[in-house]
Amino acid sequence: MFVIITIVGLIIGSFLNAIIYRLHKGISFLKGRSFCPHCRHTLSAQDLIPLFSFIIQKGRCRYCRKKISWQYPLVELAAALVLIVLYFNFGLSLEFFIYSLYSLFLIVIFVYDLKYYLVLDQVAIPAILLGFTGSLILEMSLTKLLIGGIIGLGFFLIQFIISRGKWIGGGDLRLGLMCGFMVGWPKIVPLVFITYISGAVVAIGLMIIKKKKWQDMVPLGIFLSFATLIVLLFGEEIIRFYLL
Ligand SMILES: [Zn+2]
């Protein structure tokens with residue numbers, strides 16, 4: 001089963017890479033085959049085997065020899081790893097399938113915000129609706145669901161108002177609502193902490209190596225989506241650890 005899930009994860013990861021590319025370029029998902037972004041050569045089946053094509057071709061396009069971004073194998077690996085951990089924690093349950101769906105959105109949000117400093121409505125709004133219905137399907141009580149959403153949205157709304165939209169953008173507010181719906185109460189509490197701790201660690205790290213100054217924006221979406229993933233994967237353990 002682990003082998004099947006790994007393979008499915010790698011394939012889904014390569015699909016996510018295509019989605020990220022097409023979202024950025026505004027190309028429809030339905031038509032057209034994948035092509036090399038440099039030479040536009042149509043890719044054949046043997047170029048599209050997740051991970052292996054990258055390794056065999058040593059990270060270069062087979063046609064123009066230009067370098068292929070590390071994003072491709074990393075996203076494929078990340079998708080496979082997330083599915084494996086979810087399977088390990090939840091088996092082939094309803095949780096596994098719904099959390100897997102959440103994770104796909106979170107990976108796209110993470111990579112897109114990291115690359116383009118942007119959270120797309122086309123991704124965030126379906127993710128909010130998915131989080132809401134997914135939690136209802138998993139029989140989270142409406143109270144927990146709404147408290148999660150209110151805290152997720154409220155926490156970032158306060159900073160949005162204080163900073164007049166300078167620290168965080170409207171896209172981050174939508175993500176706050178999304179992650180609140182996805183994890184609900186009480187997991188939204190560790191989620192907010194992990195968002196800020198990971199954000200602070202990276203921001204301080206970047207300042208130490210002098211890549212960023214205080215005033216520079218570090219995209220919050222990457223930390224929010226990262227924290228949501230961690231809470232989906234390890235939320236039960238985190239809550240238990242703090243309740244002991
Ligand atoms: Zn090429």
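Student: How many residues of domain 1 are in contact with residues of domain 2?

Tutor: Contact means that two C-beta atoms, placed from the backbone, lie within 7 Å. Here, five residues of domain 1 are in contact with four of domain 2. This is a predicted model, where local features need pLDDT of at least 70, side-chain atom pairs count only at pLDDT 80 or more, and totals for chains, interfaces and linings use all residues. Residues are numbered from 1 along each chain as its sequence is written.

Student: Which element gives the largest share of the side of domain 1 that touches domain 2?

Tutor: Helices (H or I, at least four residues) are DSSP runs, numbered from the N terminus. On that side of domain 1, α3 supplies four residues. The side divides into four nonpolar residues, one polar and no charged. Nonpolar covers Ala, Val, Leu, Ile, Met, Phe, Trp, Tyr, Cys and Pro; charged covers Asp, Glu, Lys and Arg; the others, Gly among them, are polar.

Student: Where do the domains run?

Tutor: Domain bounds come from an automatic or database assignment. Domain 1 is 1-92 and domain 2 is 119-244. Their centres, over C-alpha atoms, are 26 Å apart.

Student: Which residues touch the most other members of the largest nonpolar core?

Tutor: Such a core joins buried Ala, Val, Leu, Ile, Met, Phe, Trp, Tyr and Cys residues through C-beta atoms within 7 Å. Buried means 20 or more other C-beta atoms within 10 Å of a residue's own, placed from the backbone. This core has 53 residues; A79, I107, V108, I109 and M178 touch the most other members. The helix α4 gives the most, 11 residues. Each domain supplies at least three.

Student: What is V108 in contact with, leaving aside neighbours within four places in sequence?

Tutor: V108 meets L16, I19, I20 and V123.

Conventions
A residue is buried if 20 or more other C-beta atoms lie within 10 Å of its own, exposed if 12 or fewer, and partly exposed in between; C-beta atoms are placed from the backbone. Helices (H or I, at least four residues) and strands (E, at least two) are DSSP runs, numbered from the N terminus.
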